[in-house]
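Please walk through the structure below with its explanation at hand.

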Amino acid sequence: MLTWMGVWAFMCGIMGYIGDRQAQSVLLSGLNKLEYRGYDSAGVAIAGDAELQVEKSVGRLAVLADHLAMSPIVGKVGIGHTRWATHGRPSDENAHPHTACDREFAVVHNGIIENYLQLKEHLLSRGHRFTSETDTEVVAHLLEEYFTGDLFSTVLRVIKEIRGAYALAVVAEKEPEKIVAVRKHSPLVVGFGDGEQFLASDIPALLDYTREVHILAEGEIAVLTKDGIACYDLAGEPMTVEPFFVTWDAQAAEKGGYAHYMLKEIYEQPKAVRDTLSGRLTEEGRGVVLPELAWTVEEIKKIDRIHIVACGTSYHAGLVGKAAIEQLARIPVDVEVASEYRYRDPILSADTLILVISQSGETADTLAALRNAKACGNRVLAITNVVGSSVAREADDVMITWAGPEISVASTKAYTTQLIALYLLAIYLGQSLQVIDAVFISELVHEMQTLPQKLDDVLETAPQIEKIAQAFSTWDDAFFLGRGIDYFVALEGALKYKEISYIHAEAYPAGELKHGTLALIVEQVPVIALVTQDVLYEKSLSNIKEVKARDAYVLGIAWAGDDEIAKSVDRVLYVPRTMSFFAPVMLIAPLQLLAYYASVARGNDVDKPRNLAKSVTVE
Ligand code: F6R
């Protein structure tokens, strides 16, 4: 599988141009190709014949394009950015490029500068004035602080001061004939033209202009002038680079070489899980820290009940969250679909915590439920993927899932990271309330750290799943069975299957079949049976026998090493063993792939299924 940009940190899109064209139009067209990396705000800085000019605005790129159409910026050197907020909500001020006090330097950045607070404090004491809440702005001020008359050597000095993951591009009013860019753990590519040069986070942004590209190595610095690109290492020593010629079709390249965003996002899950865990486990790996929840133990002790409220896939994650919180923290949890909850006058005590889960943070029903709860005076915690979304802004406390932008309508990596956030929360509550002992906590934490690698292993079974999906795709029905937590994953598997393959799919708690649904089980009908809950293993096998007795075609998904299951089903897919508790993280990837390949086999528009929208902002 082609993952040519490798691992990336939090995503934003960077574009740069220097040459004879008007930079504005090149930057906008490149950013348009990078919008999948982030789309909550955008901006450009253009060094013209006069002073450096910056235009930026909150909202999608189209908003910026409208502003620039009304008042174009003239100039042939520029940098641009499309943002996915991490530090600081989406706003005009927090949009990139960032400038320093005298507006002589402009910076765009992808990634996170970990030590920005210390740097900011120092710069404030030196009289610098900050206008945004971002980590990026410190770079502009550092450039101003250290500028020696030579942008390249100043950038070298600045990057010695900053820690973290970044791709940076910088322009200076005093040296308008160059762009300096540097890469450390965030992707950056340069493109070579004839009398013009380009810079971007990702190759697709360059393909309308050039196919001669070079992907910057870790710690590589590029200096772009109209006539060429010179590359250096962190010590400032020149490096020899050999551009390569891109032969890929532009559309495929935009999806990182994957046929669809959904597939790309499925494959991003190990990384998304790692990012969501990052910074939330204690250094010795023996517990959970959630700095975003400034709750005292006394406050936690007072929580008498939790209502989890969400829609669709997020609701399914909430069901797993209930199991985790009840087991690890012994706090009773109800999970409800937001569109019902908001109209049902739920019974809330003052100490009931409302936990809303929403990838987009904009789902109308979830937002309404949140507002109702707040109007009742209840505390609301949100788990969301979008910093600065309405849900994130209005909740009292927020846990961000670091899945990065999810473009495909069918949610995949957002679900997996919601599960991780919920596990973290459950452990955090259990640990604060001393419901679980230290040994069990460190077992849980240790096991969670193995999940990204195990997920990688699951994804290797994709070719087998593709074949099964092709066979299943000729059927008009499919049944997903599970018991305990497996049932909650079956619900999500069935939702994925129906929404993109348009095949009727139903999920059932396997023990419930005989109360009606068994009547629908006929010869060869596909049944997907999830069998990972050890305490329910025998029961699950006997339910499988019930459907096998009606000649269904049963695909079992079970732990690696379970030889017994193979005797009861037609086909088994094995997933690496983890604690039963974390089984959803292992089970969901094969189910997503099954839905994906069934949709492809049916010739459907995988990323934009009919009648559905990514974010449901109306009732
Ligand atoms: C299904 C899917 C939807 C969303 C639902 C809630 O693949 O994506 O069911 O989960 O519309 O959306 P958020 O999480 O943005 O509130």
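Start with a residue pair: leucine 481 stands opposite tyrosine 508 in strand 22. The model is predicted, so local features need pLDDT of at least 70 and side-chain atom pairs count only at pLDDT 80 or more, while totals for chains, interfaces and linings use all residues. Residues are numbered from 1 along each chain as its sequence is written, and side-chain values use heavy atoms, leaving out hydrogens and water.

Strand 21 (residues 477-482) and strand 22 pair in the parallel sense over six bridges. Here two strands pair if DSSP finds at least two bridges between them. Strands (E, at least two residues) and helices (H or I, at least four) are DSSP runs, numbered from the N terminus.

Now widen the view. Five strands make an open sheet with parallel pairing, in the order 22-21-23-24-25. Strand 22 (504-509) and strand 25 (571-575) are at the edges, each with a single partner strand, so one side of each has no neighbour in the sheet. On average, neighbouring strands of this sheet are turned by 20° against each other, direction ignored. Axes are lines fitted to C-alpha atoms, for helices over the stretch in contact; angles run from 0 to 180 degrees between N-to-C directions.

Helices pack here too. Helix 17 (residues 485-501) packs on the sheet and touches strand 21, strand 22 and strand 23 (526-531). Contact means heavy atoms within 4.5 Å. The direction of helix 17 makes about 175° with that of strand 22. Helix 18 (residues 537-548) lies across strand 21, strand 23 and strand 24 (553-559). Helix 18 runs at about 170° to strand 23.

Next comes the ligand. Which elements each supply at least two residues of its shell? They are helix 10 (312-329) and helix 17. Helix 10 gives the largest share, three residues. Of the 13 residues around the ligand, Ser314, Ser358, Gln359, Thr363 and Glu499 come nearest; a residue counts as near if one of its heavy atoms lies within 4 Å. The shell divides into three nonpolar, eight polar and two charged residues. In this scheme Ala, Val, Leu, Ile, Met, Phe, Trp, Tyr, Cys and Pro are nonpolar, Asp, Glu, Lys and Arg are charged, and the others, Gly among them, are polar.

Look at individual atoms. A polar side-chain atom of serine 358 lies 2.6 Å from an oxygen atom of the ligand. A polar backbone atom of glutamine 359 is 2.6 Å from a ligand oxygen atom. For a polar backbone atom of valine 409, the distance to an oxygen atom of the ligand is 3.3 Å. Taken alone, the ligand exposes 400 Å², of which the protein buries 90%; areas come from the Shrake-Rupley method with a 1.4 Å probe.

Seven strands form an open, antiparallel sheet in the order 5-6-7-8-12-13-14. Its edge strands, strand 5 (98-99) and strand 14 (238-239), each pair on one side only. Strand 12 (residues 221-225) and strand 13 (residues 228-232) pair in the antiparallel sense over five bridges. There, leucine 224 stands opposite isoleucine 229 in strand 13. Helix 5 (residues 151-161) packs on this sheet, and its direction makes about 155° with that of strand 7 (164-172).

Finish with two loops. Proline 97 is in the loop between strand 4 (77-83) and strand 5. The peptide bond from histidine 96 to proline 97 is cis, with omega near 0°. Arginine 103 is in the loop between strand 5 and strand 6. Arginine 103 is not a glycine, yet has a positive phi of about 55°.

Note on methods:
Polar contact = N/O pair within 3.5 Å; in protein donor to acceptor, adjacent residues only side chain to side chain.
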